[in-house]
2 protein chains.
Amino acid sequence: MTANLIIGQSGGGTAVINSSLVGAVREAQRHSEIGRVFGMLNGVEGLLGDQVIDLTAQNDMVLDRLLTTPSSALGSCRFKVGGSDLDQLLTSLRRRDIRYVLYIGGNDSAESAHQLALAATRAGHELQVVAAPKTIDNDLPETDHCPGYGSAARFLAIVTMEMDLDAWAMRSVEPVRFLEVKGRNSGWLAAACALGRATEAMAPHLVCIPERPFVEEDFLVALDNCYRRHGYAVVIMPETQRDAHGKLLGSHGSAWRDQYGHEYSLGTEGYLIDLVSRHLGVRARYDRPGFLHKTSLLHVSDVDRREAYLVGQEAVCAALRGESDVMVILRRTSNEPYSCDVATIELPRIAGGERYLPDNYVSLDGTSIDPDFINYLRPLVGGNLPTFAHLR
Amino acid sequence: MTANLIIGQSGGGTAVINSSLVGAVREAQRHSEIGRVFGMLNGVEGLLGDQVIDLTAQNDMVLDRLLTTPSSALGSCRFKVGGSDLDQLLTSLRRRDIRYVLYIGGNDSAESAHQLALAATRAGHELQVVAAPKTIDNDLPETDHCPGYGSAARFLAIVTMEMDLDAWAMRSVEPVRFLEVKGRNSGWLAAACALGRATEAMAPHLVCIPERPFVEEDFLVALDNCYRRHGYAVVIMPETQRDAHGKLLGSHGSAWRDQYGHEYSLGTEGYLIDLVSRHLGVRARYDRPGFLHKTSLLHVSDVDRREAYLVGQEAVCAALRGESDVMVILRRTSNEPYSCDVATIELPRIAGGERYLPDNYVSLDGTSIDPDFINYLRPLVGGNLPTFAHLR
C-alpha cells in the first residue's frame, strides 16, 4: 500500500538547503511505499493555504540544478503552528493521502514539526513527521553541526581574509573595520571568521560573540592594542551582540529625542563608529554583508552540500522505518580523515533548544581562537581556503 | 643606460588591481632599459614617507599569487598631491634614479599623476608618468571600460540573482528588499545588477541610478506595482542616491533632535524602510554588501583580470616609448567576438572627469534595462552566470 510524502522548507535559507530537498525527493523515488512527492510552498503557511506542488513531476535537470540553487526553492515562512492550524493541517494532509511529512528547518521549524506530530498522535492520524536540520547558525542541540553552517562559515572565513586585504590597504583612511555577522544568539559564525587567519597580525584581530557581554572598557583596551601593533584592526561583530545589561549595542535610548519626546538610539553601527572615533581618534567603518552567507553559491562547501543531501535522504528513510517526531542529526565518527554518519533523535530534545559556542573557543579578550574550534570547523568548510600574497 | 621604475596603487581597491601590478613588473623585467622595479607602499603618501619596497626581489610564486589576491597589495591612499609635496616626490624619485612612474588608480589618482608630470616638466626632471586605470565605478572618461568594473559587475549580477532567490523565498516575511550598491556618482554598477535577470518577474524589479533624482511619489507607484504583480520586490539603491534637491536620501534633518538642538537624519536605510512601511504597509529590509564587490576573489571576471594585466604591461611600454602625462585606455575593437586593444590618452582629458551612464540605459521608471547596456556589459564579466532552478 502506498502513501504520499510532502516536504516543506522553513525559516531562513541556506546555500545548500535545496540539496536536502533533492536528497529527499530522490530517496523517495527509490521506495515503492511512497507514491507521490509533494512540496509545500512557503512551509506550513503554504500548506494551510493549500499551496502545494507536485515534485514528482519535476524532471531530472531541474533536480540537478536545485543542487546548485541557494535559498529555499519551495519558499519559506516564519510561522509557528498551533491551535486550530494543526487540525487544518491534518485535514489537508489526509485529503492528499499523505503519511510522511519532512520539514527542513531550524529550531522554530523543529517545534512546528513536533506540534504536528503530537496533534497527529492525538487525532489517531497515522503520520510520520521527520525534521531535517538546516541552519547557518549551527545552534541546534545534539547534532555535531547543521547543514548550511559549513557554507556560511566558508563564506565568512574568505570574506574576513578579503576584508583583511582591504583594511590593510586602506589603513591610512579607515584603520578600524567592523564586519557584522548576522545570526542568532550563538558565536559559531563569528568564530568561523578566524578560520583563514594565517598570522596573529592578520584579521580578525578581535572576535566578539553573543554569548559574552560586550564591555566597553575591555573592548577599547583590546582594540587600541591591536591598532597600535598592526596599524589597523578588523573586528567581528555579531548583529545580536549585547552589553552587560543584556541590551543590544547602541540600543540605549536618549541619543536623540523626537518632538513628542520619544527616545531614539544610535544603533550598533553608529554606537561603535562613535566609540572608536572618540577613544582612538580614528575613522571606523562598519560593513554588513547581510544575507550573503546564506546564499552565496560560489562559497558553498562541497562537504556541506553532500551532507545536506544525506540528511534529506535519511529523513525519508527514517519516516519509512516508522519513526516520527524525530530530527535527523549528524554524528562525527572521525576527524582525520573526517567522516560523519546520520542518526535520528526525538524532537523534544531539539525543539526550542539552542547550542552555544563552548566558552573556551574564543579567548576572553577576543583576540584568539582555540585550535580545538579550528579542528572542529576545518573539515566542514570543504576545499582549501585561498592563499593570498602579501607585500607588507 | 638603465633607469629605475616605481609603481604605486591608489584609491579604493579592486579584485584585479594586483594583476595590473604584476603585468607591469613582468613587462619591466623584459626590458634592459629598466633596472630595478620599486613599489610605493600606500601610493604617493608612502613615497612621501619614504616607504618603498623593491619588487625586483619578489619571486615568481609571489607574483603568480598576486594575480589571485584582491585589493591593493602595495597598500593604498586617498591623497591628492600638490604644493611642496611635488618637490619632495621629485627629490625622492631622483635619489633612487627613478625615471618611470606608473600610478594605478581612478579619477583622483589620475589627477595626482598629472600634477607630478607637470612638476617634473617644470623642474626639468626627465620623468615618464603613466597612469593605469582601475575603478569598480567605471566612471573614467575616454576608455571603453575600467579594469575592476567587470569583476564588481559580475559580483553584483550574481548577488542580485541570489537576492532574488532569498527575497522570493522569504516574501511572506519581508517582501521588499533593497540592495545597496556602493560607489560614486554614476549608475554603471547599479545597472549591472540586472545582467542576470532572466524574466521580468525576477530581480531587480527596480533600479535607481545616481544620475536620476529619486522622486518619492514615482518610486512608490513603481514599487507598489512590482509588489502587487510579483508578491515581492527587489530594489537596487546606490549609496549616493539623491533626491530632486540634490540631498542624499534620508539626509534631511529633523528626524531627531539632540539635547543641544542638533538635528539628526534617518539616513537612507531608515528613510526607505519607513517609507515602504508607511505607504505599502509591509516590511522592507536593506542589505549593504559594502566592500565585497571590490574584493571577492570568487567573483573575479577572467576577462577583467586579463585586461588589468594588459593595462599594466602597456603602462610600462608607454613609459619606455617616452610617453608621459598619459593614461592607458581600453578600446573595444569588436563586440562579437569581443576584443579590446590598448592605447594611451593625455591625462588632462581624464583627470577630474567623470563618465555617466547613458540616460537610455535604464528606463525612466527604473523597471527595465536597455539591451544595448547588456550587450556592452556581457563580455566584461567573463564566463557564464549561474543558472538557478525555480519551483515557483
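At 22% relative accessibility, A:K182 counts as partly exposed. The term covers the range between buried, under 20% relative accessible area, and exposed, over 50%, computed with a 1.4 Å probe on protein chains only. The model is predicted: local features need pLDDT of at least 70, side-chain atom pairs count only at pLDDT 80 or more, and totals for chains, interfaces and linings use all residues. Residues are numbered from 1 along each chain as its sequence is written, chains are lettered from A and ligands numbered from 1 in the order in which they are written, and side-chain values use heavy atoms, with hydrogens and water left out.

The partner of A:K182 is A:E239. The two form a salt bridge, with the closest N and O atoms 3.1 Å apart. A salt bridge here is a side-chain nitrogen of Lys or Arg within 4 Å of a carboxyl oxygen of Asp or Glu. A:K182 sits in the loop between strand 6 (176-181) and helix 7 (188-192) of chain A, and A:E239 in the loop between strand 8 (233-238) and strand 9 (256-257) of chain A, so the pair ties together parts that are 57 residues apart in sequence. Helices (H or I, at least four residues) and strands (E, at least two) are DSSP runs, numbered from the N terminus. A:E239 is also partly exposed, with a relative accessible area of 26%.

The side chains of B:R177 and B:D287 meet in a salt bridge at 3.3 Å, N to O. B:R177 belongs to strand 6 of chain B and B:D287 to strand 11 of chain B, so this bridge links parts 110 residues apart in sequence. Both residues are buried.

A local pair follows. B:D224 and B:R228 form a salt bridge with closest N and O atoms 2.7 Å apart. Both lie in helix 8 (residues 216-230) of chain B, four residues apart, about one turn of the helix. B:D224 is partly exposed at 22% relative accessible area, while B:R228 counts as exposed at 64%. Back in chain A, salt bridges that share partners join A:D166, A:E174, A:R177, A:R283, A:R285 and A:D287 into one network. Over all chains, the count comes to 55 salt bridges.

Next, the domains of chain A. Domain 1 spans 3-148 + 298-349 and domain 2 spans 151-296 + 357-381; the bounds come from an automatic or database domain assignment. Their C-alpha centres lie 33 Å apart. In contact (heavy atoms within 4.5 Å) are 25 residues of domain 1 and 20 residues of domain 2. The area buried between them is about 1,900 Å², with 49% from carbon and sulfur atoms. Buried area is the accessible area (1.4 Å probe) that two parts lose on being put together, summed over both. A:I136, A:D137 and A:H299 supply 34% of the area that domain 1 buries against domain 2, more than any other three residues. Two salt bridges are counted between the domains.

Now the interface between the chains. Here 64 residues of chain B are in contact with 64 residues of chain A. Together the chains bury about 5,000 Å², 62% of it on carbon and sulfur atoms. The rule finds two salt bridges across this interface. B:R288 and A:E269 meet in a salt bridge at 3.0 Å, N to O. Helix 6 of chain B gives the largest share of the side of chain B that touches chain A, nine residues. That side divides into 33 nonpolar, 16 polar and 15 charged residues. Ala, Val, Leu, Ile, Met, Phe, Trp, Tyr, Cys and Pro count as nonpolar, Asp, Glu, Lys and Arg as charged, and the others, Gly among them, as polar.

Two buried residues close the tour. B:S151 lies in helix 6 of chain B and is buried, with a relative accessible area of 2%. A polar atom of its side chain lies 3.0 Å from the backbone nitrogen of B:S301. Leaving aside neighbours within four places in sequence, B:S151 is in contact with B:A15, B:V16, B:H299, B:V300, B:S301 and B:D304. A:G39 lies in strand 2 (residues 34-40) of chain A and is buried at 0%. Not counting residues up to four places away in sequence, A:G39 touches residues including A:I6, A:I7, A:V52 and A:L74.

Methods
Polar contact = N/O pair within 3.5 Å; in protein donor to acceptor, adjacent residues only side chain to side chain.
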